Amino acid sequence: MPTPFEYAPAPESRAVVTIASSYGLFIDGEFTDGTGGSLKSINPATEEVLSEIAIASDADVDRAVKAARRAYTRVWSKTSGAERAKYLFRIARLVQERSRELAVLETLDNGKPIKESRDVDIPLVAAHFFYYAGWADKLEHAGFGSNPRPLGVAAQVIPWNFPLLMLAWKIAPALATGNTVVLKPAETTPLTALLFADICRQAELPPGVVNIITGAGDTGRALVEHPDVNKVAFTGSTEVGKAIARSVAGTDKRLTLELGGKAANIVFDDAPVDQTVEGIVAGIFFNQGHVCCAGSRLLVQESIADELVGRLKNRLGTLRLGDPMDKNTDIGAINSLEQLERIRHLAGVGDDEGAERWTADCELPAKGYWFAPTVFTGVTQAHRIAREEIFGPVLSVLTFRTPSEAIEKANNSPYGLSAGIWTDKGSRILKMASSMRAGVVWANTFNRFDPASPFGGYKESGYGREGGRHGLAAYLHVD
Amino acid sequence: MASRLEVRKTYKLYIGGAFPRSESGRTYEVTDLKGRFLANAALASRKDARDAVVAARKAQPGWAGATAYNRGQVLYRVAEVMEGRRAQFVDEVSRAEGHPSRRAESVVEAAIDRWVWYAGWADKIAQTLGGTNPVAGPYFNFSIPEPTGVVAVVAPQESSLLGLVSVLAPVIVSGNTAVVLASELRPLAAISLSEVLATSDLPGGVINLLTGHVAEVTPWLAAHMDVNAIDLAGVDDRALRTQLEIAAADNVKRVRRPDTDDWTADPGLARIRSFLETKTVWHPIGV
């Protein structure tokens, strides 16, 4: 049926960014060749090769760690907090100045809609650097005793879902507290991290304070296992997080982990329906559901389940899936073929286990990796789609009758990263919020982020916090 | 007149508020530093460790749900009751650790005072470690510390009372419950402490005390999927420490590594902080 109003294409220009045909490793303030071969970074919306990326070998990793150690010993540990702050303020400003370029590059490399990279990711990156800049010369007031001291060299490994934002979450607090870093971006999304290296150049950050090395799992493993790193910070899957925890066992390396989630988004019968539907959409379809804190388990009070799910499906019918560079696009591309296959597999398991699949009626582009917004109803706690992190635009709907049943079901997970609560009743919000075994609780909202707001999980969602005053502790010796 | 023959005490485990023997029926001989017999302590088994975890899990919601004021009073009560049994603890510490009685007295006094110090923290942790966060948008946003859950504690080996109290009090003050393995060779003061705990209004199961071999019991605690965190303070063997950390990764346990032997120093907040989670809550303003 033709709709009365068609959207005209509204593509963002990619002319704002120049992508080199190949990139080396950013070590000690300059780009150098890697010796571990190369990999290709592609645009998941078109399958076009964007650039060829060096893979850091064990020797390259060693070179990067040595550069970071040298910079720590000779320069950064002797740089005053006030001076470190000014470097970070500079970086924040440079990110703001180059924000469109970064947003376009992020969308090309990651597949997320330009409106998200432009309005969420990159502004938060700048805000994060600005926030931690201010802490650099105030650490003795941060509540960690009178003599908080940096750890040394931090090894940081980040995922592909928010590439530059995760870089900011890692680098900003590490530098503010006086550490130097070697950071490895995900192998499918290295480009904004490599552009960030150019921002470090413009900021005249001393060589070796920030080192960016690219590669896949082997490079990451070599980095976290390097004997001369003092700190490992990892964001990614729970499986890899556990492997890292085992690999640092018996060492003096400090570790923080931000891992997977399977958040419950709990809707009571008195919730404001339209607001809730928007929140559910933001909870699971933001960033194609590639969000560790996504509200992937919808727990609806039984009395309103049919109505709510009906309204949700109507709303999902209006979402626009397609070219991530189009400013009207709501749902972009799945980041990689591998991830697409994982989503397809788990959705298939949902079918096999007897849940009822509904898929938004939208046309998928011929090229690229796509998965239409999908809702499973009739899901039980035993279903794998209610227990395992899908990391895609797939929502599992379960029901409950009483608040205590909702609490029981919400907490029935080895994960504990986030939770959502929708109700008009204040005392119930506070009761539910205090009962959730989860690090972030969104009440009558979902998927909000801010540099001042600590983020991180309970249980198998990891340990340590990023953001806020709490985020400093991950990079300090404290009393 | 013939000197009176003393009435000896049977030293048992402390699990869920009761004093069972080891289900294994085993004991081991505890001696003073010169090798003279002091007592037979229960030799805890895997089953005892698991029973202790079950008791700790059962007690955890109630203890975390008690008001901070209440938890503070209970910890203070522990100090009060300990004070009344000062002489006994001095005797036990002196014999176990080989201190002259003057030194043992100061150790026991420090242990009692440590409970008092931590008692005062109970209702200050949230204000000190939590707060509101000024996010850039119309949201009320606050962070609060919450207990991690069930914490396994390997008590220090040398300092059998002060070390024990120094690792135990910061775990429970915030609402965690604990399964603690006492100093292997010097467990008697720990068992006497459990008798204090049992008469200090501390709900059963909040602290569960095992005595036995570090190498036998700790691997089960480190690998237990219903233990949220582990304090390795009393693990002196480097290889065992590594093995325990590896096992702890299976459910992403929070691990506190051994870091000090000086239990007389100002404790600071580090140990309390090690066994806390931070929960951050958002709510829109004006919608």
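Modeller: Let me start with the interface: put together, chain B and chain A bury about 3200 Å², and 49% of that is on carbon and sulfur atoms. In chain B, the residues that lose the most area to chain A are Val252(B), Lys279(B) and Trp282(B), which together make up 20% of what that side buries. Please keep in mind that this is a predicted model.

Biologist: Thanks! How many residues of each chain are in contact?

Modeller: On chain B there are 39, and they touch 46 residues of chain A.

Biologist: What makes Glu277(B) and Arg465(A) a salt bridge?

Modeller: Their closest N and O atoms are 3.6 Å apart. The cut-off is 4 Å between a side-chain nitrogen of Lys or Arg and a carboxyl oxygen of Asp or Glu, so the pair qualifies.

Biologist: Which elements of chain B give two or more residues to the side that touches chain A?

Modeller: They are α5 (125–129), β4 (139–147), α9 (238–248), α10 (270–274) and β10 (276–284) of chain B. The most comes from β10(B), with eight residues. By kind, the residues on that side of chain B are 16 nonpolar, twelve polar and eleven charged.

Biologist: Why are β18 of chain A and β10(B) called paired strands?

Modeller: Pairing requires at least two bridges, and three join β18 (residues 440–443) of chain A to β10(B), so the two count as a pair. They run parallel, and Val441(A) stands opposite Val281(B). In general, strands of a sheet pair through backbone hydrogen bonds, either parallel or antiparallel.

Biologist: And within chain B, what is the order of the strands in the open sheet of five?

Modeller: The order is β7-β6-β5-β8-β9, with parallel pairing.

Biologist: What makes β7 and β9 of chain B edge strands?

Modeller: Each of them, β7 (207–210) and β9 (254–256), pairs on one side only. From one strand to the next, the twist averages 15°.

Biologist: How do you know that β8 of chain B pairs with β9(B)?

Modeller: The same test of at least two bridges applies: three bridges join β8 (residues 229–231) to β9(B), so they pair. Here Ile230(B) stands opposite Val255(B).

Biologist: Which helix packs on that sheet?

Modeller: Helix α6 (residues 162–172) of chain B does, touching β5 (150–154), β6 (177–181), β7 and β8 of chain B. The direction of α6 makes about 160° with that of β6(B).

Definitions and conventions:
Residues are numbered from 1 along each chain as its sequence is written. Chains are lettered from A and ligands numbered from 1 in the order in which they are written. This is a predicted model: local features need pLDDT of at least 70, side-chain atom pairs count only at pLDDT 80 or more; totals for chains, interfaces and linings use all residues. Side-chain values use heavy atoms; hydrogens and water are left out. Contact means heavy atoms within 4.5 Å. Buried area is the accessible area (1.4 Å probe) that two parts lose on being put together, summed over both. Helices (H or I, at least four residues) and strands (E, at least two) are DSSP runs, numbered from the N terminus. Ala, Val, Leu, Ile, Met, Phe, Trp, Tyr, Cys and Pro count as nonpolar, Asp, Glu, Lys and Arg as charged, and the others, Gly among them, as polar. Axes are lines fitted to C-alpha atoms, for helices over the stretch in contact, and angles run from 0 to 180 degrees between N-to-C directions.
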